[in-house]
Amino acid sequence: MSNLPEEHPWRSRFDAAIITAREAGAVALGHYRNLSALTVESKGVQDPVSEADRQTEDVIKSRLAALFPEDAFVGEETGAEGVDPSRGTWVVDPIDGTQPFLLGLPTWCVSIAYVAHDEIQVGVIYNPVTDELYAALRGHGATLDGKPMGVQQVEGLDQGLTGMGCSSRTTPEEIGHIAQSLRAAGGMYHRCGSGALTLAYVATGQLIGYVEMHINAWDCLAAILLVEESGGRVSPFLRENGVTGGGPIIAGAPGVFTQLASLLP
Ligand code: LIP
């Protein structure tokens, strides 16, 4: 997005998010290449964490605090700091897709969002394994490795793959209902273990939509802007859950959004 106006109010934060995502991604990739050295703890059922998550978040938090000390911060591992309606807030998941990460599977990413004036202004997602960087600045489109990206133009769930997120916060009955409804509509589901990355696949047009019963703000805010700036439609997650909450998300090509919404129980 070299054509962005230098004087854009969020240009410096956009540039910083990209540089920081790459820097933090390199730290996480170092751990990914040496998984046997990690001590894995459990935050709950199917919810592991390691020092890789914490170290990566520390890199992001310290760099952004040095550049923008006036901003608030919300991170999956360190929580909320200074959140106030009068301040811009960074919302960060240092490693989204912690389970694939710890299993040596490539579907994980660094997710960095910046929220101000009740809107997501900057969204950056970086997959260090594939070296793919997804970025969006509100009102200026979305790119993958600098090239513009757009959602698929489809009218039916039978015309592509739909991402489905699931964690221990989703009940067996809920995920069963979603999968059954999707198949009944001729659809097929895809799950990679990272909600952020799966939403990015909607923004690129590789998937036609994404639904999850309960996703956290740090998992999805950056990706929501990617989808919106790629011409997609997303449920009002930020208005409903704020920068620290969680809840259902529906995201996809405009032609199938209503059908996606009907999948949730
Ligand atoms: C992941 C989320 C995803 C969910 C996964 C997992 P994490 O976050 O991005 O939406 O389906 O189960 O919770 O825990 O890997 O950062």
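Two strands are counted as paired if DSSP finds at least two bridges between them. In this predicted model, strand β13 (residues 209-216) meets that condition with β15, to which six bridges join it in an antiparallel arrangement. The protein chain as a whole contains eight helices and 15 strands. Its radius of gyration is 17 Å, close to the 18 Å that the globule rule gives for 265 residues, so the chain is as compact as a globular protein of that length.

**Overall dimensions and packing**

- Taken along the principal axes, the box filled by the C-alpha atoms of the protein chain is roughly 50 × 45 × 35 Å.
- Buried residues make up 55% of the 265 residues of the protein chain.
- When contacts between residues at least 6 apart in sequence are considered, 62% of them join residues at least 24 apart.

**Surface and charge**

- The protein chain has an accessible surface of about 10800 Å², and carbon and sulfur atoms account for 52% of that surface.
- The protein chain carries 16 positive and 32 negative charges, and the mean positions of these two sets are 2 Å apart.

**The eight-stranded sheet**

- An open sheet is formed by eight strands, in the order β4-β3-β5-β6-β7-β8-β9-β10, with mixed pairing.
- Trp 90 has Tyr 114 of β6 standing opposite.
- In general, the strands of a sheet pair through backbone hydrogen bonds, either parallel or antiparallel.

**Strand β15 and its partners**

- Strand β15 (residues 246-252) is mostly covered, with five of its seven residues buried.
- One of the partners of β15 is β13, which runs antiparallel to β15 and is joined to it by six bridges.
- Glu 212 stands opposite Ile 249 of β15.
- Strand β14 (residues 233-234) also pairs with β15 in the antiparallel sense, over two bridges.
- Arg 233 faces Gly 252 of β15, the two residues standing opposite each other.

Methods:
Residues numbered from 1 in each chain as written. Predicted model: local features only at pLDDT ≥ 70, side-chain atom pairs only at ≥ 80, totals over all residues. Heavy atoms only, no water. Helix = DSSP H or I, 4+ residues; strand = E, 2+ residues; numbered from the N terminus. Rg over C-alpha atoms; globule rule 2.2 N^0.38 Å. Buried < 20%, exposed > 50% of the residue type's maximum accessible area, 1.4 Å probe, protein only. Contact = heavy atoms within 4.5 Å. Areas by Shrake-Rupley, 256 points an atom, 1.4 Å probe, with all protein chains shown as cover. Lys, Arg positive; Asp, Glu negative; His and termini not counted. Charge placed at Lys NZ, Arg CZ, Asp CG, Glu CD.
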